[in-house]
Amino acid sequence: MGIIVSLKKKFGFIVNLFLKKEKVRIGIYGPPNAGKTTLANRILKDWAGDVMGLATEIPHETRRAILREGVKIEVDGKSLTLDIVDTPGLATKIDFHDFMKFGLSEEEAKKRAKEATEGVIEAIKWLDDLDGILLVMDSTQDPFTQVNVTIVGNIEARNLPMIIVANKIDLPNSSPARIKSAFPQHTVVPVSALKGLNIDKLYKSMANKFG
Amino acid sequence: MEGVQLNLISKDKLDKMASMEKLRMILESVKDGKIVVLESGLTPEEEAKLIELTMLEIDHKNFIGIEIETYPQKEKSFFGRFKGKKGRLTVIGPANRLKTIQKKEDLITALVQLG
């Protein structure tokens, strides 16, 4: 690793205290099917009037990072211009058989699996070029997964500001409290990106954290 | 005797190894069907690099990836920012053999499939 990248990682947070950027580049991270693209679509729909990409129930629907520049959000008189990167879901394993359960042919499933492995690598590479992170977790699932722990560890190591988005609170078995108790040192905002529940609170947190 | 080979690697040995050397050793063992237990674990950056290397090695036939489990990091102190933080005890195995049943802050329960 280059010495400049290493220094940026260790001391970037000090520089950020004194420098206000015109634009902030944030990455939307999380495991597959946590609702990353649904959240990106919600933000874009609310502030730019369009959407980022297709969200489906099949894991690894997003297999290339998608960058959308210049999304301006305004909260309580504060204005923030964001470049948003919707990243592919992070995973430690990718089995094409899992995609066949959703009706994909073996050929389609293998193609998707190959693209998904490339997407994971791309998502990790983007971590070095971001100013902040929205880490999306599915609040109906156990938050102590290795993917979540690894992402949080890497964001902390880079001293990037982060908001954990406890998504899917519209579902009956959701428990944002479980996420809060797993990562007590971080800001956790419960939302339903699909239904728009509590989304204003997320925008407020983004303005405070990334602005 | 039939079974799964466990490689328990001491902190002393890990401390003497360069990052890439460590990651290659882990990945080669896991691809060989072994379970690797690291006494002192990996840094978050090493974990991310291990995931990257794993993605490159997945062949969609014999190797579908890894299962990796470690305890969550304790809260980081101000001075902790300035030195790389090593993870705690870590278990890594092939995803088709090692399956995590439950993971809590202080307890990991996993199942190892034989053969």
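Two strands pair if DSSP finds at least two bridges between them. With that rule in hand, strand S1 (residues 23-29) and strand S3 (residues 78-86) of chain A pair in the parallel sense over six bridges. Helices (H or I, at least four residues) and strands (E, at least two) are DSSP runs, numbered from the N terminus. This is a predicted model, in which local features need pLDDT of at least 70 and side-chain atom pairs count only at pLDDT 80 or more, while totals for chains, interfaces and linings use all residues. Residues are numbered from 1 along each chain as its sequence is written, and chains are lettered from A and ligands numbered from 1 in the order in which they are written.

**The sheet of chain A**

- Six strands of chain A form an open sheet in the order S2-S3-S1-S4-S5-S6, with mixed pairing.
- Strand S2 (66-75) and strand S6 (187-190) of chain A each have a single partner strand, so one side of each edge strand has no neighbour in the sheet.
- Direction ignored, neighbouring strands of this sheet are turned by 30° against each other on average. Here axes are lines fitted to C-alpha atoms, for helices over the stretch in contact, and angles run from 0 to 180 degrees between N-to-C directions.
- Two residues are in contact if their C-beta atoms, placed from the backbone, lie within 7 Å.
- Helix H7 (residues 199-210) of chain A also packs on the sheet, touching S1, S2, S3, S4, S5 and S6 of chain A, and its direction makes about 100° with that of S2(A).

**Inside chain A**

- A residue is buried if 20 or more other C-beta atoms lie within 10 Å of its own, exposed if 12 or fewer, and partly exposed in between, with C-beta atoms placed from the backbone.
- Six of the six residues of S5(A) are buried, so this strand is largely enclosed by the rest of the structure.
- From S5(A), A:Met162, A:Ile164 and A:Ala166 point one way, while A:Ile163, A:Val165 and A:Asn167 point the other way.
- S4(A) and S5(A) pair in the parallel sense over six bridges, and A:Val136 has A:Val165 as its bridge partner in S5(A).
- The largest nonpolar core has 70 residues, and those with the most contacts inside it are A:Leu134, A:Leu135, A:Val136, A:Ile164 and A:Val165. Such a core is a set of buried Ala, Val, Leu, Ile, Met, Phe, Trp, Tyr and Cys residues joined through C-beta atoms within 7 Å.
- Helix H4 (residues 106-126) of chain A supplies the largest share of this core, six residues.
- Leaving aside residues up to four places away in sequence, A:Leu135 touches A:Tyr29, A:Gly30, A:Ile151, A:Met162, A:Ile164 and A:Val165.

**Two asparagines to look for**

- A:Asn33 lies in the loop between S1 and H2 of chain A. Although not a glycine, A:Asn33 has a positive phi of about 65°.
- Is A:Asn33 buried or exposed? A:Asn33 is buried, because 20 other C-beta atoms lie within 10 Å.
- A:Asn159 sits in the loop between helix H5 (146-157) and S5 of chain A, and has a positive phi of about 55° although it is not a glycine.
- A:Asn159 is partly exposed, with 18 other C-beta atoms within 10 Å.

**Where helices of the two chains meet**

- The axes of H4(A) and helix H3 (residues 44-57) of chain B come within 9 Å and cross at roughly 155°. That makes H4(A) roughly antiparallel to H3(B) (angles under 35 degrees count as roughly parallel, over 145 as roughly antiparallel, 65 to 115 as roughly perpendicular and the rest as oblique).
- A:Thr117, A:Val120, A:Ile121 and A:Ile124 of H4(A) make the contact with B:Ala48, B:Ile51, B:Glu52 and B:Met55 of H3(B).

**Chain B**

- Chain B has three helices and six strands, and buried residues make up 30% of its 115 residues.
- Four strands of chain B form an open sheet in the order S1-S2-S4-S3, with mixed pairing.
- B:Asp106 is in the loop between strand S5 (98-103) and strand S6 (108-112) of chain B. B:Asp106 is exposed, with 7 other C-beta atoms within 10 Å.
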